[in-house]
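Dear colleague,

Please find the structure below, together with a short account of what was found in it.

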Amino acid sequence: MTDAFVSLKKLDKQYPGHHAVRGIDLDIRTGEFVALMGPSGCGKSTTLRLIAGLDTPTSGEVRIGGRRMNDVPAFQRDTPMVWQSLALFPFLSVVENVEFPLRMKRIGPVERRRRAMEWLDRMGLSAMAGRDIAQLSGGQRQRVAIARALVTQPPVLLLDEPLSALDAHLRVRMQTELSRLHKELGITFIYVTHAQSEAFALADRIVLMSDGAIQQSGRPQDVYREPANAFVAEFMGMNNILSGTLCGRDGAFARIDTGAGRFRIPAGALPSSGPARFVVAADRIALSAAPAPEADNRLAGTVIGIEFVGSVQTVFVEAGGAEFRVQKQQHEIDALDLAPGRAVHLSWQPAHAWVLPQNT
């Protein structure tokens, strides 16, 4: 990537008894919104701290704006971070909290007050400038933390699970706010989260990590639809993974025998025989009360549970000795009159299966 603003080269971080980051390579473009995500302990927050200069790499390098930053202290990097805990100063007022980074840069009191008030106005908090931090709601504190991070007009903003402490409706509002700010400012955002919904709603690119290594990097829709390996497919949460043995080709498709039945999948570069695994996303599977005779991939099953998650529901179906997850809209559930114990039929198009690489 030739226009990388943040570049990590063979970045490695080891602690006594723990290998947190394992030689990762990652380029982030100017103005890109990148979300680092993965399970707890995967190395995403450590990677963010290495970019910020709060930790020192064991090996490899961090480059920002073309400059090697390994030996540059955090306060000289111009990479402010919005923390999960917010880390606001309780002994300072709202406006004094926002002014604080400008004080550290020795900006005069008149200019720093002007800039701080400008950002508070931008965040809809100018009327609260003189309040104590303890007098603010969670969402208001979050906006103060963002204003404090951006008041110095940095080229990159680091965010470490900044919305995790907020309730559901505030998270959605702050996602909208962060998206708006990113578009307006055009600066680079690097955002750590374990929440798939946040990453998908905000990021231009997802970087999915596990055990200190990058498992896949790409657009949210590509990571969701075309997982690079079984870990990514499972982490996405709504994928059905089937394993079996290839038993022949049929033009652009291959036939695979699994414990649940024989199915047609895209052949790609698969050989004519041997083991294979493939993924069918939960929203790609059709549900019906009667068999779909025109479908290449079909099997009968029994509803074992329905999970209500709003307008979209997840139906759990036992079929062919396996458990399938199927996502449907509420009106589709109602039309089928689904309930645990009800017999149903599953089907999907061969092209909607995604073949996992054989070496994963």
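In which order do the five strands of the open sheet stand? The order is β15-β19-β16-β17-β18, and the pairing is antiparallel. Strands here are DSSP runs of E with at least two residues, helices are runs of H or I with at least four, and both are numbered from the N terminus. Two strands pair if DSSP finds at least two bridges between them.

This is a predicted model, in which local features need pLDDT of at least 70 and side-chain atom pairs count only at pLDDT 80 or more, while totals for chains, interfaces and linings use all residues. Residues are numbered from 1 along each chain as its sequence is written, and side-chain values use heavy atoms, with hydrogens and water left out.

At the edges of the sheet, β15 (286–288) and β18 (322–329) each pair on one side only. The partner of β15 is β19 (residues 343–348), joined to it in the antiparallel sense over three bridges. Within this pair, alanine 286 stands opposite serine 347 of β19.

After α2 comes arginine 106, with a positive phi near 60°.
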